[in-house]
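Student: I would like to go through how the two parts of this protein meet, and on what grounds each term is used.

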Amino acid sequence: MLGLYPEIEPYVQGMLPVGDGNEIYWEECGDPAGKPVIFLHGGPGSGASARHRRLFDPERYRIVLFDQRGCGRSTPNCATPDADLSVNTTWHLVADIERLREHLDIEHWMVFGGSWGSVLGLTYAETHPGRVTELVLRGVATLRAKELQWLFGGGAAFLFPEAWARFLAPVPFPRRQENLIEVYHDLLHHPDPAVHGPAAIAWSRWEGETVKLLPREEVIDAFSDPSFALAIARIENHYFRHGGWLAEDQLLRDAGKLRGIPSVLVQGRYDVVTPAVTAWELSQVLPGAELVMVGDSGHAFDEPGTLHELISATDRFASDWQGAGTPQDDERNADMLFGDEHVRRYEETDGEVGHDWEKGAPCLVLTTKGRKTGEDRKFALIYQFDDDDEKNPVIVASKGGAPEDPGWYKNLQANPEVKVQVKADKFTARARTIEGEERAKLWEKLAAVWPDYNEYAKKTDREIPVVVLERV
């Protein structure tokens, strides 16, 4: 039986503003030059853990994990009474994943998701199929009404009557015949902690008691922790009462969009949380999907049979990795820096580390004021100097050819006063977007050091801004 890879620590981590006052925690582990994979945790609301890093060979994968909005190390946490759940939906999370991919400068990646993460993984892949190289899903769900009614309408109670009685305990007797997801919404958002606290624990404990084929006390205790329970209960209930903001059967109906993407579905035969029928039905409409039905497993990812199949799938997909970042690719440095770590190392060394980046492109550090928060936001960006003016650097707001401008460009539109560091040279500047012949000349110079800019321009209808940072 295959098991988890050894414990591993992130080589870089950070907080990414994603809008609406939310910042998501993210981290990278493994080989910076390895095969990119994004791990989508369950819940929604459970957060990523150190054990999830170990589903992938750290010598072959560039492993990206993040805590979804409102949970884990992301802020604000939904256990707080003032958390705004109206800006926490499936579609917000899909946008967050894309923003993270662009932030980390990853062109394509494998998507790995379990339980709720399988719903999010399917939704993301069907929205952005061109970004997905492979799909590995475990404990498959699509949030159809029959799936939710099975778990929260009394179906699973036939197998776990004692646990179901504990789930019903906070519900007033006159309301026990109502839609329990709606009833729990009222309980979880009651202002009195004496009401929402026990309700959160009962909701979360129900999952803890049903998640494994053979229930384990330490798992149940973890799900019963009051702070964890309140966050996951509020987020799960919020998502489930809205059906994930998905049309009924949407994810099955749109599975044809994933034609050509290798997909593995790993499903516990005795999974009570996400019953096997959904994985089977998805396998019938997902082109080329490989369904692995594990005969001695429930819902949890770390049950031996399920874990073996998950590791088998990730090992297999890594075996033929030949993309940019493999050891045979001389163009990429295995110690290449990205995101917050790139900025940190650059500032610590006055650019001795981080100035000369991928393919020899020179980088500076730009500091803008967040247009909503007013806080400093720092970015490592490729630059060039104008031949006619060697003191004012020029940068490009490409965002990889995305349909909208990057956040740093929106920040400087709101406040063009910025700070710049080019190696040890630190100065204040005023950002000016250039046009016409001036833009054409400098675009050509920037594209000479980063040819991908020309490809980005072909992918978007917007004119990608070129910005001069004029010293003041």
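Tutor: Buried area is the accessible area, taken with a 1.4 Å probe, that two parts lose on being put together, summed over both. The model is a predicted one. Between domain 1 and domain 2 the buried area is about 860 Å², and carbon and sulfur atoms give 41% of that area.

Student: What makes these two stretches domains 1 and 2?

Tutor: The domain assignment of the protein gives 12–320 as domain 1 and 339–471 as domain 2. The C-alpha centres of domain 1 and domain 2 are 36 Å apart.

Student: How do you know how many residues of domain 1 and domain 2 are in contact?

Tutor: Contact requires heavy atoms within 4.5 Å. By that rule, 14 residues of domain 1 are in contact with 11 residues of domain 2.

Student: Why is the pair arginine 377 and glutamate 23 called a salt bridge?

Tutor: The closest N and O atoms of arginine 377 and glutamate 23 are 2.9 Å apart. The cut-off is 4 Å, so the pair qualifies as a salt bridge. Between domain 1 and domain 2 the count is 1 salt bridge.

Student: Which elements give two or more residues to the side of domain 1 that touches domain 2?

Tutor: They are β1 (12–19), β2 (22–30) and α1 (90–103). The largest share, 5 residues, comes from β1.

Note on methods. Residues are numbered from 1 along each chain as its sequence is written. This is a predicted model: local features need pLDDT of at least 70, side-chain atom pairs count only at pLDDT 80 or more; totals for chains, interfaces and linings use all residues. Side-chain values use heavy atoms; hydrogens and water are left out. Domain bounds come from an automatic or database domain assignment. A salt bridge is a side-chain nitrogen of Lys or Arg within 4 Å of a carboxyl oxygen of Asp or Glu. Helices (H or I, at least four residues) and strands (E, at least two) are DSSP runs, numbered from the N terminus.
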